[in-house]
Amino acid sequence: MKDRAARIRTGTLPKAPQVSADPRIHTDLAYLRGLEGPARGLSFLPRQPAQSVLNGRHASRLRGRGLNFEELRDYLPGDDVRSIDWKVTARTGRPHVRVMTEERDRPALIVVDQRMSMFFGTRRAMKSVTAAEAAAMAAFRILDQGDRVGGIVFGDELIAEIRPQRSRGALNRFLTALSEANGLLHAEAPNTAPIGLTQVLRAVARIASRNHLIIVLSDFDGLDAETDRIVSALARHNDLILVPVTDPSAGELPAGMRLVVTDGELQAEIDTSAKAARQALVEMSTGRLAEVFDWQRRFGMPILPLSAGEETLPQMRRLLGLGPR
């Protein structure tokens, strides 16, 4: 698995042999790069519109870039008295102030789920495609606003890590890993136990110990008891934004129908009168949405729910309080 992850980070992991050319089912590097223009209307800066889910209640106001200590110097008329360093003042007998400067950039880590549970969609696109679109637009916008950008892309058997950097190279490595992981999703993929979200979040915690912007795009399948603890710790020390990606079919599944599903190449028939099959379809549609909103209630991070049944950019603009474009 380490070898596969290393290869996808350098962009040499081959795509699956059967990849649909339908952009609703699979995305590619050229398409993701083309989202730079649409991304210019988004914003993940600390100052947000009043209608944005990143503003207001639930402790959702972003921390910003933080402050770095620059120097101690003598107090001058007009200095803010709140910046006086009282310990140094007492020791020297003269008032001193601490001079702080804003960090030049803030690291951002975009975590994108490309497991087989995301390879599902009934209306506009697969959940995996919607997640890839939103991740690419967020990456472009974060780099454009002057912050470092990196990411973690994970599939059923691989995790690709791109450390946050303020460079187009890091962004391109992230998009390459994303497109290649998306290309591995197909109906004949081996039936293996997928990587759990907890394992991925451990990697997130290792890279983003504090003061990062962390955006997680997933259906949040495969949670366990440890996941809750890691999410709580990440939310305490970072700006954590959860983006649950769902499909609109969950509330529209009629019982007693035989549905034909396809990946553009292969197809299968599902009988919705079977309780197990119906429940599996509901879980594929909504993922673990209830648990995600419970995290919002308990830990206070903002939630940006995206539906694979709608265009991604208008949804993101609406959630960020930016209005139509």
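This tour of a predicted model goes from a sheet to a helix and ends at a single residue.

Stop 1: You're looking for an open sheet of 6 strands, in the order 5-4-3-6-7-10, with mixed pairing. Now check the edges: strand 5 and strand 10 (306-307) each have a single partner strand, so one side of each is left without a neighbour in the sheet. If you're wondering what holds neighbours together, strands of a sheet pair through backbone hydrogen bonds, either parallel or antiparallel.

**Stop 2: strand 4.** Select residues 148-154, which make up strand 4. Of its 7 residues, 6 are buried, so strand 4 is largely enclosed by the rest of the structure. On one side, strand 4 pairs with strand 3 in the parallel sense, over 7 bridges. To follow the chain from strand 3 to strand 4, trace it through helix 5 (residues 127-144); this β-α-β crossover is right-handed.

Strand 4 also runs antiparallel to strand 5, and 5 bridges join the two. The pair forms a hairpin, with 4 residues between the strands.

Next, click on Gly151. Which residue stands opposite Gly151 in strand 5? That's Ile162. Gly151 is also the bridge partner of Ile110.

**Stop 3: helix 7.** Select residues 197-207 to bring up helix 7. Helix 7 lies across strand 3, strand 4, strand 5 and strand 6, and runs at about 25 degrees to strand 5. Show side chains and look for the buried ones: Leu197, Thr198, Val200, Leu201, Ala203, Val204 and Ile207. An α-helix has 3.6 residues a turn, so residues three or four places apart point the same way.

What do the buried residues of helix 7 pack against? Highlight strand 3 (107-113), strand 4, strand 5 (159-165), strand 6 (213-218) and helix 8, and you have the list.

**Stop 4: Thr227.** Finish in helix 8 (residues 225-237), where you'll find Thr227. Is Thr227 buried or exposed? It's buried, because its relative accessible area is 0%, and the cut-off for buried is under 20%. Show what surrounds Thr227: setting aside residues up to four places away in sequence, Thr227 touches Leu197, Thr198, Leu201 and Trp295. Leu197, Thr198 and Leu201 are among the buried residues of helix 7 from the previous stop.

Conventions:
Residues numbered from 1 in each chain as written. Predicted model: local features only at pLDDT ≥ 70, side-chain atom pairs only at ≥ 80, totals over all residues. Heavy atoms only, no water. Buried < 20%, exposed > 50% of the residue type's maximum accessible area, 1.4 Å probe, protein only. Contact = heavy atoms within 4.5 Å. Pairing = 2+ DSSP bridges. Axes fitted to C-alpha atoms, helices over the stretch in contact; angles between N-to-C directions. Right-handed = clockwise from strand over helix to strand, strands pointing away.
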